[in-house]
Amino acid sequence: MEMFLHAAQLALDPWAVGAVGLGTFIGLVFGSIPGLTFTVALALALPITFAMDSIPATGLLLGTYIGGMTGGSVSAILLGIPGTPSAAATVIDGHPMAKRGEASIALGAAVVASVFGGLFSLLVMIVSVNLVSRLAIGFGPAEIFALVVFGLSTICGLCGGSMLKGLLSGVVGLMIMTVGMDQIEGVPRMTFGSISLMQGVSLLVAMIGLFAVPFIIEASSGTGGAADARATRVRAEMPGLRLLMSKGWLMVRCALLGTGIGAIPGTGGAIASFLAYDHARRMSPEKASFGKGNLDGVIAPETANNAVTGGTMIPLLSLGIPGDPATAIVLAGLMIHGISPGPALFMNHATEVYGMYAAIVLAYFWVLGLQLAGIRLFVHVLKIPRELLAAGVLVLCLIGAWSVRNSVFDIYAMGVIGVLAYLLVALRVPITPIILGMVLGPTIENEFRTALMLSGGSSDIFLHSPVALLFLGLAALVIVLQTVGELRLRAYKQKVNA
Amino acid sequence: MKMRTAMGGGIAVLAAAAVLAAGVPQARAEFPEKPVEMTVLFGGTASTIAQVLSETMAGELGEPVVPVSRTGGGGAVGYSHVMATAPDGYSIVWNSNSVNTTAHIGRVPYSYEDFVPIARVSEETPALAVSAEKGWTGLQDMARAVSGSDDHLKVGISGKGSFTHLVSAALFDAMGIADNVTFIAYGDGKAPVELLAGRIDAAIQWPGQFKSYLDSGDLNVLAVTGAKRIDLLPDVPTAQEQGVDIDITMWRGLAAPKGTPAPVVARLAAAAEAATQSEEFRKAAGNIGFMPAYAGPEEFAAVIARDDAFYAGLLDKLGLGK
Amino acid sequence: MTGSRKDLVLGSVLFALGAAWSWAAWTTLSPGFGGGDIGPRAFPLAFGGLLMGLSALFLGVTLSRDGAAAAEAEEERILWGPALLLMAEIGLYGALLERIGFLLATPLLVLAVLALNLKVRRPAVLIGMAAGMTLGCWLLFGQLLGIYLARGSWINLG
């Protein structure tokens, strides 16, 4: 307790509070601008922390991470372009809400859900870090593979009209990610001798292309998403407290889900938010309204992806294992200040750990304050004439695509993928499954291959693991339910037509 | 006679002047007069060290040194980019022995000879860790246990042809247990957990990853693979101390495209040397777990050439050479 | 073209893509060594096969309900012109970026996109947007936040 008070005192020092606030602000800016992501923001923030003391330094990095994760929902809702892969699921219902003129309600609910998810996961982390990290160790390649297959099965629920079209689009996503260096064998695949293709297609670049380029092409016809949203009057009405309270139980479930997924290294925010979205849709009495602007479809993924921030801190701090590229930069920031995460962290650096807890709480207060004030400004983005908005978004996205790896190849990739995505949209093929396939493809392949290497080629490694069997069973259940539902619907339609 | 010598001398001076004027117009005394771009090939530790280095070097040069990350293809993307830039010292690469390994695995249109070495800056020494439950305290315990059984030792590596793979293969070969080893490739950074869970038996990784686990007693670190012990793990003996003849470390340093003028290289090398001696750089080295290891252009060139021959042989032996 | 006609084209193109992909994977990648090593070829090949299978199924379903579905097909025009134009503009931007630098390539792109794709004709808007977006981004991202923006090898400003 005494240690905790000492840490709290250090964390509440004006410098530290300012550092967390600065980090949160940078994160929010990068997260909310389409094209720029918080991974880039963290890479920029890292050198600033070199000269700082350890607590303000870690506070700055954690603030950037948290702000970035929260900010991703802003452009997802307003423009239909996710600010980060973790916000891709938020687009599905958040953007239709904005088109109806309810942007501020969706944004407000997203902020509250994010803060709730983040603080909830922090609490879980504080009380059960040792227990959860011991459970996370049990997740080997076979178990992670099964979990990811379960995540992939949610494609079935993202298809809108035709399940087959959704599956086709998911497979295209899986294929794109096999281009480049094979991580296990170290050989180039499907690169046709090109050095540029050896770097593979970046998930972030593809995401920018998939969502932003169709937006710009449609703007030239005058019937784009932005035009629709502009048609209604922009209001800055906040969601009521009673409305949010009624979603409390949903938020708790999604926060638990996000924390759990985050605790397993090698997964991350995107899979958590898609699973949460699917969960909300499945449990909802109004399934049909999903995809058309159901508030639950915003709250669920936003709660889950911020709960991941607390979840990933568990393996990061107690095992020294970063779950994704963003936490890897946080890890580098801790190391350079002499804090080496792992089982001995809580013995050697208890003060810093408590300081980090305090910094996370503080970051969420900053998020709440900055975002609630910001929403009133953000919604005015919809008042910008569509052609100017489209040109502006294009420039931001090009800067974003470039800044991922400082490579011209990424600019070409964004253009090509974007135009193909536009064609798919025009043919009514859903593009969200492409993102899901791209997020999960490399994990699915690498974990499967590693598992088989461990077992010497025997499938027992999957069949003898209760955890793997559970997730594979859930995935099978989702696919069967969805197929049966689809066939029934078609039979019903034919009856009506006949 | 006198006349001819004078004339010869005059021609030589003229020729030298012409070469200076035409060939190396950038090599003015005031290099650098604009920011220097430092291409970084990898994320993780490589990128963190590059950021610390560039800040201290910028102080020395009086112009910013901008680390620009160009990752992918095992370094091929960044090396190819730098190779194609003008050899004027304003575009340099933060390189490592990946220039030797990728060239010998093949598929890249460059080798170390396409670059002018500026300076070696740091050295990292891999460490071999096993779960504490195994009860092994040295390399001999491990060799005895493995050669006495039919079971294969499962050794975690970052990927086939990766540096951890090469070091592991060389170490187990030197220990005489190469035939009893199966390599398992998994994602970066997961080694300690895979060891704790007992899914793999041993792993070679950077010592920073193992430090906390060694403190908590969950893992044993049996050896480091360099000729000298390292500061981060002072109690861990080297492989050579245990009778296994192996000395592999990973160097990182700076290089410029071939044709960069010598005075510019010297200016950059001086800045790198001053940076490696700075308080800030040494502190970062201690915390992250690498050793500052400055070597000037000539010595660095010798190191690279020696390593190139070594990795060519090793990759051939592993069947990974081109 | 009706909706289901478009679906037939989509299905055929995806099937052809799957076939070409599988052929490329089969011929350029090496198989595994067995004993738990499935090699770098297995997954790309499986994905190619999956795409062929699913698109064949999709073609079959589309053909079988051709008549019934034609009635409900809503028309959505594909804007081929603007789409290909934008791809060309982005390609040109990529080609110029490392030659003339961010500060010159970006206003050219903004002018082209505004004038050709978005049909903006007012000179004040064109020039204002081109200069404003470029300078604004350069100041905010390049100078204030320290993002590395491309430098030109032919000419460079800033």
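Colleague: Which residue in β9(B) does B:Leu128 stand opposite?

Modeller: B:Leu128 stands opposite B:Ala223 in β9(B), where strands, like helices, are DSSP runs numbered from the N terminus (strands E, at least two residues; helices H or I, at least four). This is a predicted model, in which local features need pLDDT of at least 70 and side-chain atom pairs count only at pLDDT 80 or more, while totals for chains, interfaces and linings use all residues. Residues are numbered from 1 along each chain as its sequence is written, and chains are lettered from A and ligands numbered from 1 in the order in which they are written.

Colleague: How many bridges are there between strand β5 of chain B and β9(B), and in which sense do they pair?

Modeller: Strands of a sheet pair through backbone hydrogen bonds, either parallel or antiparallel. Here β5 (residues 127-131) of chain B pairs with β9(B) in the antiparallel sense over five bridges, two strands being counted as paired if DSSP finds at least two bridges between them. B:Val130 stands opposite B:Asn220 in β9(B), and B:Val130 also has B:Ala202 as its bridge partner in β8(B). The strands β5(B) and β8(B) run antiparallel and are joined by four bridges.

Colleague: What is the order of the strands in the open sheet of chain B?

Modeller: The five strands follow the order β7-β6-β8-β5-β9 in chain B, with mixed pairing. At the edges are β7 and β9 (219-224) of chain B, each of which pairs on one side only, and the twist from one strand to the next averages 30 degrees. Packed on this sheet is α8(B), which touches β5, β8 (202-205) and β9 of chain B, with its direction at about 140 degrees to that of β9(B); contact between residues requires C-beta atoms, placed from the backbone, within 7 Å, and angles run from 0 to 180 degrees between N-to-C directions, along axes that are lines fitted to C-alpha atoms, for helices over the stretch in contact.

Colleague: Which way do the residues of β5(B) point?

Modeller: In a regular strand the side chains alternate between the two faces of the sheet. In β5(B), B:Ala127, B:Ala129 and B:Ser131 point one way, B:Leu128 and B:Val130 point the other way, and all are buried. A residue is buried if 20 or more other C-beta atoms lie within 10 Å of its own, exposed if 12 or fewer, and partly exposed in between, with C-beta atoms placed from the backbone. Since five of the five residues of β5(B) are buried, the strand is largely enclosed by the rest of the structure.

Colleague: How many residues of chain B are in contact with chain A?

Modeller: The size of an interface is often given as the accessible area lost when the parts come together. Counted by residues instead, 45 of chain B are in contact with 43 of chain A. Several elements of chain B each supply at least two residues to its side of this contact, including α2 (44-61), β2 (65-69) and α10 (279-288), and the largest share, seven residues, comes from α8(B).

Colleague: Where does chain B divide into domains?

Modeller: Chain B is divided into domain 1 (36-124 + 249-318) and domain 2 (140-242), with bounds that come from an automatic or database domain assignment. Taken over C-alpha atoms, the centres of these two domains of chain B are separated by 27 Å, and their contact takes 12 residues from domain 1 and 13 residues from domain 2.

Note on methods. Contact = placed C-beta atoms within 7 Å.
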